[in-house]
Amino acid sequence: MKKIAMSLTVLFILSISLAVFVGCDNSGNEEKTIILATTTSTYDSGLLDYILPAFTEETGIDVQVISVGTGAAIQLGRDGEADVVLVHDRVQEDAFVADGFAETRYDVMYNDFVVVGPSDGEINHNINVGNTFTSIFDNELTFISRGDNSGTHSRELLLWNNLSLNPADNPNYLEAGQGMGATIGMTAEMEGYTLSDRATWLSYASKGDLIIVCENDPTLLNPYGVMVVSSTLRPNNSKQFVDWLRGSKAQSLIAEFGVEEFGEPLFFPDA
Amino acid sequence: MLTLQMTLLSTAMSCVIGIPLGLLLDKARFPGKRIVVLINRTLMAAPPVVIGLVVYLILMRNGPLGFLGWLFTFEAMVLAQTILITPIICGIVYTASQRSASNIRAFAITMGASRLQTQFLLIKELSNEIYFAAIVGFGRAMSEVGAIMIVGGNIRYHTRVMTTTIALLRNRGEINQAIFLGAVLMIIALIIQVIGGFLKRREERTDENI
C-alpha cells in the first residue's frame with residue numbers, strides 16, 4: 001500500500017523534473033536555432049538532410065525543418081511560427097511579400113515538374129503538357145491531384161485553368177490531400193496520372209509501373225524561393241541562413257545533390 | 001529514445017491527474033455530475049487531430065499560451081498527449097470505482113482508517129483497474145500520430161518519434177523501412193507490457209506475504 005504511494009510519488013517527481021530539465025534544455029538552445037518551414041519536395045527528396053549539416057557545422061545554428069505543403073508553410077510564416085520559408089509557388093510568395101510578411105523573396109534553385117503515369121497507359125512520352133492534360137481530361141483517365149494547396153497543387157490547377165478545363169468534370173479526378181510522395185504511391189497503385197516535381201519523383205522509392213509521360217515543357221519550370229519572415233524572433237540567424245543558402249557553398253551542394261544516386265541533379269541552383 | 005520519453009512522461013502525467021480525478025468523480029456528489037461524466041466520456045473518444053489542432057491554437061505565438069514558446073517542441077507533444085490520455089484514464093478509474101469504491105470506503109471507515117489511509121486502500125484495491133487504465137493510456141500515447149504531427153512538426157532529433165517517422169518514410173516511399181520500424185515499435189510495446197506485468201505480479205506476491 002505504501003509502496004504504491006511511494007512509486008506514484010517518485011513517478012510524479014520524475015515527470016516534473018524531466019519536464020523542467022527538458023524545458024531548460026530547450027531555452028538554452030534557442031539562441032542557435034531557426035525554424036524552417038518548407039515544402040515536402042525539398043525535405044522528402046533528402047536535399048535538406050544533405051545540405052543542412054554543412055550550415056550547422058559552419059555556424060552552430062540548428063535548422064529545425066517542418067515540411068508541409070507550400071500553402072501550409074506560408075501560413076506558418078504568416079502566423080510567425082516559422083523564421084524562414086522555402087517554397088515553390090510564385091503567386092503565393094509574391095502575395096506573402098506584398099502583404100508585408102517578408103521584405104524580399106530570393107531565388108534559390110529550380111527544377112521542373114513532370115507528369116507521371118502508367119508505362120502501358122494511353123499517353124506516350126511527350127513534351128507538351130497541354131496535350132497531355134487534355135487527353136487525360138477527354139479520356140477521363142484517373143488523375144490524382146495533391147488537393148492540399150501545395151505549390152505542386154497550385155501549378156496543376158494553373159495548368160488546367162490555362163486549358164479552360166474544369167478538372168472536377170472528369171469523374172476519375174481524385175484529390176489525395178497528401179504529400180507528393182504519398183500521392184505518387186497512390187498513383188502507382190491506382191494506375192493513374194499525377195503531376196510531380198522532378199526531385200520527389202526521382203527520389204521516391206516505390207514507383208511501381210509509373211514512368212514520366214510528359215516533361216521538358218517550358219510551362220513546367222518550377223522555381224523555389226526563400227524568404228525571411230519579418231516577424232521572426234531570430235532575425236540574425238535567419239538572415240545568416242538565407243545568405244548561406246544563396247552563397248557559393250550551398251549552391252554547389254545543391255547542384256551536386258542526387259547526381260551520384262540518381263544520375264542527374266534534382267535541383268539546379270540559380271541564386 | 002524520444003518516443004519512450006514522450007510516451008512514459010505523458011502517461012505518467014495523465015495518471016497523476018487522471019486517477020485522483022476519477023476517484024473524486026466517483027465520490028463527489030454535485031449537481032451536473034452527469035454532464036461532467038458525459039463530457040469525460042466524450043473526451044475519451046476525442047479525435048487526436050482535433051486535440052492537436054486545439055493545442056496548436058493555444059500554443060500559437062498569438063495564442064493564450066504562446067508566450068511559452070512551446071509550439072514544435074517536446075513539451076507541446078507531451079501536453080497534447082496528456083490532454084488526450086487523461087480523460088481515458090480518468091474514465092476507466094471512474095467506472096471501476098463506481099463498481100466497488102463505496103464498499104471499500106465503508107470497510108475502511110469501519111476499520112477506523114483515516115481519510116488518507118482510505119484513499120490508499122482504495123488505490124490498492126483498484127490497482128488492477130488502474131494498471132489497465134495506465135496500459136490503455138500508454139498504448140494510446142505510443143500509437144499517436146495525428147496530434148503530435150501537428151503540434152510537434154515532426155522535426156528531426158527534436159519532435160520526431162517513431163510513428164511520425166513511419167509516416168515520413170511512407171511519404172518517401174520507403175515502405176520496407178517503414179514496416180521495419182513498425183515492427184520495432186510493436187516489439188517495444190511488447191517489452192513494456194511484459195515488464196509491467198512482471199512488476200505487477202511481484203507487487204501482488206509481496207502483498208500476499210504481508
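Predicted model: local features only at pLDDT ≥ 70, side-chain atom pairs only at ≥ 80, totals over all residues.

Mentor: What follows looks at the helix packing in chain B, and then at the chain that it touches.

On the α1(B) side the contact is made by B:Thr3, B:Thr7, B:Ser10, B:Thr11, B:Ser14, B:Cys15 and B:Ile19, and on the α6(B) side by B:Ile130, B:Ala134, B:Gly137, B:Phe138, B:Ala141 and B:Met142. Sorted by class, this contact has seven nonpolar and six polar residues, and no charged ones.

The helix α6(B) also meets α4(B), and here again the axes come within 9 Å, while the crossing is at roughly 155°. The two helices are therefore roughly antiparallel to each other, and α4(B) passes α6(B) in a right-handed crossing. From α4(B) the contributors include B:Leu84, B:Ile85, B:Ile88, B:Ile89 and B:Ile92, and from α6(B) they include B:Glu129, B:Ile130, B:Ala134, B:Gly137, B:Arg140 and B:Ala141. The residues of this contact divide into 13 nonpolar, two polar and two charged. Among the α6(B) residues, B:Ile130, B:Ala134, B:Gly137 and B:Ala141 take part in the contact with α1(B) and also in the contact with α4(B).

Turning to the partner chain, 26 residues of chain B are in contact with 27 residues of chain A. On the chain B side, the elements that give two or more residues are α1 (2-27), α4 (74-110), α5 (115-125) and α8 (162-171), and by class this side has 13 nonpolar, six polar and seven charged residues.

Chain A itself contains 12 helices and 10 strands, and 45% of its 271 residues count as buried. One of its helices, α4(A), spans residues 70-78, with A:Thr70, A:Ala73, A:Ile74, A:Leu76 and A:Gly77 buried. These residues lie on the same side of α4(A), because they cover an arc of only 150° around the axis. What covers them includes the strands β1 (33-39), β2 (62-68) and β3 (84-87), together with the helices α5 (90-98) and α7 (151-162), of chain A. After α4(A) comes A:Gly80, which has a positive phi, near 75°.

Technical notes:
Residues numbered from 1 in each chain as written. Chains lettered and ligands numbered in written order. Helix = DSSP H or I, 4+ residues; strand = E, 2+ residues; numbered from the N terminus. Buried ≥ 20, exposed ≤ 12 C-beta atoms within 10 Å, placed from the backbone. Arc of directions from axis to C-beta. Contact = placed C-beta atoms within 7 Å. Nonpolar A, V, L, I, M, F, W, Y, C, P; charged D, E, K, R; others polar. Axes fitted to C-alpha atoms, helices over the stretch in contact; angles between N-to-C directions. Parallel < 35°, antiparallel > 145°, perpendicular 65-115°, else oblique. Left-handed = near helix turned anticlockwise from the far one by under 90°.
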